[in-house]
Each structure stands twice: as structure tokens, then as C-alpha cells.
Amino acid sequence: MTFSETATATPFSDITAVSTRRKLQLALAALWLLDGILQYQPFMFGAGFPHMLSGTAQGNPAPVAAPITWSATLIGHHIVLSNTAFASVQVALGLGIAVRPIARAALAASVAWSVGVWWLGEGLGGLLTGTGASPVTGAPGAVILYALLAVVLWPAPPQVSRALWLVLWGSEAACALLPAARAPHGLSAVFGAAAAQPMPPGAGWLDRHFASALAGNGLAASIVLAVLCAAIAVSVYLPWRFAVVGAGAAAGVAAAIALAALIWLAEAFGGIFTGTGTDPNSGPVLALLALAYWPGRRTEVAA
Amino acid sequence: MNAPVWLGYILAGLMLTVSGYCAARLLTARRLGKTTELDTDVMHVVMGVAMAGMLVAQLRTLPVAAWEVTFGFATAWFAWRLLSSRLSPGRLSRGRGRGAGTPWRCRPTAHLVECAAMLYMFLVLPAVGPPAKVTASGMPTMTAAQARFSLLALAMIVYLVGFAARETDRLPALAPARLSAAVPPPSAVPPPSAVPPPAVPAFLAPRCAVLCKIAMAVTMSYALVLML
């Protein structure tokens with residue numbers, strides 16, 4: 001059997017190898033596609049969408065809030081046109097990343113788009129509001145994680161990738177200790193609110209039990225969460241070549257994936273079961289990001 | 001404006017185009033001396049018509065029960081194909097073995113999910129609770145309390161967008177120049193004494209076939225999202 005026969009007779013067979021980095025790029029492409037499809041939902045073509053955008057201005061400093069309010073007003077005046085453009089851009093980003101010859105250009109465009117949406121659509125993830133940002137509510141903002149993932153998968157040099165990971169999980173640790181997050185019923189309220197949203201029955205059950213278990217224990221839970229985030233942050237600096245230490249590095253990344261799953265549960269899957277979710281929120285992106293840092297894959301992803 | 005009715009019309013038009021194109025592939029492939037994925041093209045013809053009817057109420061053709069039977073059979077067929085490929089990988093899996101001697105050569109997993117998604121949309125939703133309300137675009141919507149199967153729908157959406165991304169990744173490799181470049185140098189050609197491999201006709205318009213798969217996967221994901 002020759003290669004030409006394979007290529008000619010069965011063009012859908014694996015005639016091109018897919019590296020780990022490319023697989024992760026395709027996963028990012030799929031996420032953008034999903035976001036674009038979610039952006040085409042009927043809710044986004046109504047008044048609720050610009051209202052949702054303008055709501056992210058609350059609590060932000062005036063220089064940050066003013067452009068958010070302005071863009072939300074503008075979008076509200078041309079909702080069909082603007083939302084169609086937003087959705088189409090996201091679908092185009094997804095398809096662009098998936099097409100190899102233009103993948104890097106699409107990754108660069110996705111970074112620029114993510115930063116814009118992070119500001120005008122997510123109010124910088126609520127980081128400057130001082131109260132609302134918490135890892136379990138999506139801090140530092142789902143869409144900025146897309147940009148971070150695109151940079152890591154560009155690929156960025158290992159030192160830069162590790163520094164980004166440290167900054168990300170370090171900021172998650174800091175957010176976990178903000179006043180709203182460490183309040184006695186802070187974390188419990190987040191899980192309770194998630195349980196109140198339309199969700200698959202099993203997930204709602206889990207959210208209710210977490211809410212009940214965390215009620216009144218917000219401070220202790222926040223400290224545990226912050227310590228865990230800090231440990232995850234430094235785990236990528238462990239030399240994974242050595243068996244024992246390497247196991248610690250792998251455990252750090254595995255903990256990041258597990259925590260991402262818990263965060264996604266607290267985020268009620270990004271509200272995608274409500275018909276108003278614009279993306280699956282930060283949980284899946286954090287998990288995808290962690291996969292890029294899996295010990296042994298870092299070299300391949302960075303290659 | 002609430003529901004993007006115009007979007008339903010655009011996607012329905014796209015689905016009918018895919019359906020018509022795949023029907024043309026089935027009719028012309030043999031005449032052109034080329035091969036195609038029979039099961040894929042047959043399913044795309046049927047799915048295109050069914051999806052158009054789901055997206056635009058005026059384009060509904062067959063009763064729901066008929067679609068349920070159709071996609072139930074198709075789901076069983078692709079499940080069997082998947083099982084066969086797992087039990088005897090050499091017969092259906094990759095490379096020469098996949099589809100050699102038979103035009104039934106598709107990737108069964110993707111089509112199994114697509115057919116299951118169609119069956120889900122036709123069969124499961126009407127059976128959940130009181131009658132679902134129908135949007136202007138013809139798509140039924142499901143209230144939160146009725147979303148017993150929403151996790152299944154989400155899993156299918158995730159698979160389909162991943163499939164669309166993966167298929168898009170294959171597009172450049174299917175360019176005619178890339179395929180012809182894959183022809184081995186003369187030294188790699190086996191000596192005349194060796195048993196020549198069976199002649200396999202070239203595949204008909206592989207990139208167009210992949211574009212149909214991408215369009216179908218993305219549109220089906222959108223239809224499923226509307227039902228979450």
C-alpha cells in the first residue's frame with residue numbers, strides 16, 4: 001500500500017499528523033465556533049443583550065465604564081447588525097484557527113478580539129470592581145483566557161508560558177480572598193445561584209449540595225481555594241524531569257483541571273442552558289489551558 | 001426583533017444546497033469514474049431536507065414519525081458500522097482497508113452522532129412534558145424544567161463543533177496539488193513482479209465533501225443550541 005493510494009482512495013484518512021499543539025488549537029477553534037453559535041441565539045438579537053453588556057460597567061472606574069456604556073448603547077441601536085457581526089466574527093475566528101495556512105493570523109486576531117470583548121463585553125472581568133471577581137464566578141474573565149490560550153498555543157516561549165500561568169493562577173488566588181468571595185455566604189451564594197438556574201438535574205443537585213456545605217464557611221473555603229490556586233500557580237516551575245517532583249507538577253496541572261470542572265459547575269456551565277449564555281465561561285478554557293501545560297507536553301506545545 | 005427568522009431561512013437554504021449537492025454527487029460520481037462516500041452522501045441528502053424543515057416551518061415535508069423512523073434506522077446503521085470497525089479494524093478503519101471494495105467508507109462516529117442528534121431533535125423533545133412552544137423560525141424550544149436531556153444535547157454540540165474544526169483542519173491537505181504531491185517517487189514504486197494493488201477510483205471533489213460535513217455539523221449545532 002503506498003501513500004498515494006491512501007491519499008487518493010480515502011481522502012479522509014489521516015494523511016496529516018496532528019501534534020498536541022495543533023489538537024489544542026483545534027479545541028480552541030471549536031470553542032470559538034461554539035461561542036459564535038451561542039451568539040446567534042434569539043436572546044442576543046433582543047434588548048437583553050445590550051442590557052447585559054451595560055451591566056458590566058457597574059462598579060468599574062469611569063474610564064473603564066464609559067466605553068462599555070457607549071458601546072452597549074451603540075449595539076442596542078443596531079442590535080441585529082451588530083450581533084450578527086459579533087457572531088460571524090467568532091465563527092470566522094474558529095474556522096480561521098482550524099485552517100492551517102491562516103491559523104497564526106487567526107490566533108493573533110483572536111487575541112485582539114478577546115481583549116476588546118474583555119473590556120467592552122465583560123468589564124475587565126470585574127477585576128476593578130473590587131467586590132464581584134472570584135474564581136468561581138469566572139474571574140479574571142472567560143474571554144481573556146481565550147487570548148491567553150492563543151498566546152500559549154502560538155506558541156510562546158516556555159518562560160513566557162510559565163509566567164502567564166503564574167500570573168493567571170496567582171490572580172485567581174488573590175481573587176479568592178477578595179471581600180465578596182471570603183464572606184461567610186459568599187461561595188455558598190454562588191453555588192446556590194447556579195443551582196437556581198436551568199441545568200441538567202445532576203448538576204443542579206451537586207450545586208445545591210455544595211451551596212449547603214459551604215454555607216457559613218466562606219472564609220475557610222476561600223482560604224483553601226486561594227492556597228490551591230497558589231499551589232497550581234507555582235506547580236509549572238517544578239522540574240518534571242524528576243520522578244517525584246514531576247509527579248507534583250502533574251498533580252498541579254491535574255488539580256487545575258479538577259478545579260476548572262468545579263468552577264464550571266459554579267458557573268452553571270456559563271448559563272448556556274438558559275438561552276442567554278454567550279460562551280461556556282471560564283471552566284472549559286481553564287481546563288484546556290491546563291492541558292497545554294501537562295508535564296511532557298510543554299516541550300511539544302512550545303515547539 | 002426576537003428570533004432571527006432570517007437566519008433560519010439562510011441556514012435552511014444552506015441545508016437544501018448541501019442536500020442537492022450530495023444528491024448530485026450520488027448521481028454523477030459513477031458517470032465521472034470517481035468514487036464517493038455513499039452512506040455520507042445519502043445521509044446528507046436526507047438530513048439536509050429534514051434540517052431545512054426544522055429551521056423553517058414552511059419547508060417541512062414528511063411527518064415527524066417518518067423522520068423518527070428514518071433517523072432511528074440511520075442511527076442503528078452507523079452504530080453497526082462503528083461496531084464493525086472496532087471489531088475488525090482492518091476492514092473499516094484507516095488506510096487501504098477502510099472502504100476498500102465497498103463504497104460504504106465514511107467515518108461512522110461522526111455520522112452516528114449526527115443521526116443521533118437528528119433523532120434527539122425529532123423524537124426526544126416532543127415527548128418531554130407539555131408541548132414545546134415553537135419559535136417563528138420553526139424550532140421548538142424547551143423550558144428549563146423539561147431539560148432532562150440537555151446534557152446529552154450539550155455533549156453532541158461539543159462533539160459536532162469539534163468535528164467541524166477537525167474537518168476544517170483537513171481542507172488544505174485535500175487540495176489537488178497536495179494530493180498529487182503525495183505520489184511517491186519512482187524508487188518507491190514496487191517492482192513489476194509484485195502484486196499490483198487494486199485500482200481505486202479517485203474521490204470526487206473531496207474538499208466539497210468536507211465543506212458539506214462542516215456546514216452540516218455547524219448548522220446542527222445551532223439547531224441543538226436552540227433546544228438547550
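Chain A has 15 helices and 0 strands in its secondary structure. This is a predicted model, so please keep that in mind throughout. Of the 303 residues in chain A, 51% count as buried. Now the contacts in chain A with a separation of 6 or more: residues 24 or more positions apart account for 70% of them.

Next, one helix of chain A. Helix α8 runs over residues 158-176, which is 19 residues. From first C-alpha to last it reaches 27 Å, close to the 27 Å expected at 1.5 Å a residue. Its buried residues include A:Trp165, A:Leu168, A:Trp169, A:Glu172 and A:Ala173. An α-helix has 3.6 residues a turn, so residues three or four places apart point the same way.

Let us take a single residue. A:Leu259 sits in helix α13 of chain A, residues 243-266. Why does A:Leu259 count as buried? Because A:Leu259 has 22 C-beta neighbours inside 10 Å, and the cut-off for buried is 20 or more. As for distance, 37 Å separates the C-alpha atoms of A:Leu259 and A:Val80, which are 179 residues apart along the chain.

Now chain B. Helix α1 of chain B covers residues 5-28, a total of 24 residues. Its reach from first C-alpha to last is 35 Å, close to the 34 Å expected at 1.5 Å a residue. Which residues of α1(B) are buried? They are B:Gly8, B:Leu11, B:Ala12, B:Met15, B:Val18, B:Ser19, B:Tyr21, B:Cys22 and B:Arg25. What covers these buried residues includes two helices of chain B, α2 (38-55) and α8 (206-227).

Notes: Residues numbered from 1 in each chain as written. Chains lettered and ligands numbered in written order. Predicted model: local features only at pLDDT ≥ 70, side-chain atom pairs only at ≥ 80, totals over all residues. Helix = DSSP H or I, 4+ residues; strand = E, 2+ residues; numbered from the N terminus. Expected span 1.5 Å × (residues − 1). Buried ≥ 20, exposed ≤ 12 C-beta atoms within 10 Å, placed from the backbone. Contact = placed C-beta atoms within 7 Å.
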